[in-house]
Amino acid sequence: MGFLGLVLNDNRRVNDVIAGEGLKAIRPLKAVNRFVPEMGPLDLTVLMIHDDLRDILTLAGQISPDLGVDLILSGHNHVVLEPPLERNGIFIFQAGAMNRYYGVVTVSVEKGRVLNVENRLMENMPSSLDRAALRLKEVSDGMKGEPVAVLKRSLLGACMQGKENSIGDFVTDAFRWATGSDVAMTNSSSLRKGFRIFPGEFRTLREGDFKNMTPFQNHLVTGVVTGDQLMRILEGDALHFVNQVSGIRYTIDSEKPRGQRVIHARIDGKLVVADQTYTLTHNAYCARPENMRKYLHLKPGSIEWKTTPLLDYEALIRYARHLKVIDYPSEGEGRIRHLP
């Protein structure tokens, strides 16, 4: 068995670290073409890749079958893949994030050829040791600043980025509350820390916990959008889910043609009107011109944003203090519905 690890190429922070060490990154396909043959004849060839899933699928489609790459163990999008994806005869796995799941893959191989692949995702249940460690952690969390609010149910989402989740509901509610906008959104990939609690117990969240929840410290920005623009954002998410939402509820029918997948969307119980204007809050990173297409599915410059003085985690702290008790359904409130 041979293993080759690859890291994402197009992340500014990663590239800064690489350059700071005097190193130069090469493209993933070039690395695969160079290093897989160097491992010699193999019965099973596995790539371990930290990169956007779309880029991994593109890479898998470009790899020559002659190289014999069989499996890709992936991370970055925090999605749960069961069963795995398959592209160009290569099976692609991902087991969420933050150790909520671990994957068990059974592979049948004969003479260097994969005959069968089975994948199971197992949930990591907290053990007695975990429980003791969490209590110890609460002591160390005392250094994270003042207590802010009590968490009544597990707040999850860092490992459920491909769908609505409770962290996304809480964070976007905080953004909307802090700015008074009609709708608030944030990209799922900005949500980095969840909090699991044992049934029947409570947990005190401190200021530092909210900094860990949204660690990138982006300013909140607000803009005026038309109903048509909102629907285009939602249509984009129906194809490639990005945004957690507050203030808007919508239903998706994935069987409909592209551009018609959002059946209806409502703000304050009223259908979104194409030529009506609404206020939208997002984070400054996603609102950058170079990121608008990726995160909002809109042309750069199509929204005029105003930067607020609030950082993302500051809005969370203020909203949590306002609530005093944070109590969201862990799987989300059903703001985004999918028709069977």
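Leaving aside neighbours within four places in sequence, N119 is in contact with L81, E82, P84, F93, V104 and V105; contact here means heavy atoms within 4.5 Å. N119 sits in strand β7, residues 113-123. Helices and strands are DSSP runs numbered from the N terminus, helices being H or I of at least four residues and strands E of at least two. With a relative accessible area of 13%, N119 is buried. The cut-offs are these: buried is under 20% relative accessible area, exposed is over 50%, and partly exposed is in between, with a 1.4 Å probe and protein chains only. The side chain of N119 also reaches the backbone oxygen of L81 at 3.1 Å. That falls under polar contacts, pairs of N or O atoms within 3.5 Å; within protein, one must be able to donate a hydrogen and the other to accept it, and residues adjacent in sequence count only if both atoms are side-chain atoms.

A word on the source. This is a predicted model, in which local features need pLDDT of at least 70 and side-chain atom pairs count only at pLDDT 80 or more, while totals for chains, interfaces and linings use all residues. Residues are numbered from 1 along each chain as its sequence is written, and side-chain values use heavy atoms, with hydrogens and water left out.

Next, backbone geometry. Most residues other than glycine have a negative phi, and most peptide bonds are trans. E82, one of the contacts of N119, is joined to P83 by a cis peptide bond, with omega about 5 degrees. P83 belongs to the loop between β3 (71-75) and β4 (85-87). Then N88, in the loop between β4 and β5 (90-93), has a phi near 60 degrees, which is positive in a residue other than glycine. N88 is partly exposed, at 36% relative accessibility. H297 is not a glycine either, and has a positive phi of about 60 degrees. H297 lies in the loop between α9 (292-296) and β17, and is partly exposed at 22%.

Now the helix packing. How are α5 and α10 oriented to each other? Helix α5, residues 166-179, and helix α10, residues 312-323, pack at an angle of about 90 degrees, with axes 8 Å apart. They are therefore roughly perpendicular. For the method: axes are lines fitted to C-alpha atoms, for helices over the stretch in contact, and angles run from 0 to 180 degrees between N-to-C directions. Under 35 degrees counts as roughly parallel, over 145 as roughly antiparallel, 65 to 115 as roughly perpendicular, and the rest as oblique. On the α5 side the contact includes F170, V171 and W177, and on the α10 side it includes L316, Y319 and L323.

From there to the cores. A nonpolar core is a set of buried Ala, Val, Leu, Ile, Met, Phe, Trp, Tyr and Cys residues joined through side-chain atoms within 4.5 Å. The largest has 27 residues, and those with the most contacts inside it are L155, F170, V171, F210, M213, L316 and I326. At least two residues each come from β8 (147-151), α5, α6 (207-213), β17 (305-311) and α10. Helix α10 supplies the largest share, six residues. Beyond four places in sequence, V171 touches T186, L191, M213, T214 and L316. Another core, of 26 residues, lies apart from this one, and V183, F241, Y278 and M292 are among its members.

Last, the stretch around R335. R335 is in the loop between β18 (325-326) and β19 (336-338). Is R335 buried or exposed? R335 is buried, at 5% relative accessible area. Its side chain reaches the backbone oxygen of D169 at 3.5 Å. Outside four places in sequence, the contacts of R335 include E164, D173, I248 and Y328. I248 is in strand β13, residues 248-252, and is buried at 1%.

G334 is in the loop between β18 and β19, and is partly exposed at 34%. Not counting residues up to four places away, G334 touches E164 and R249. G334 and T204, 130 residues apart in sequence, are 26 Å apart from C-alpha to C-alpha.
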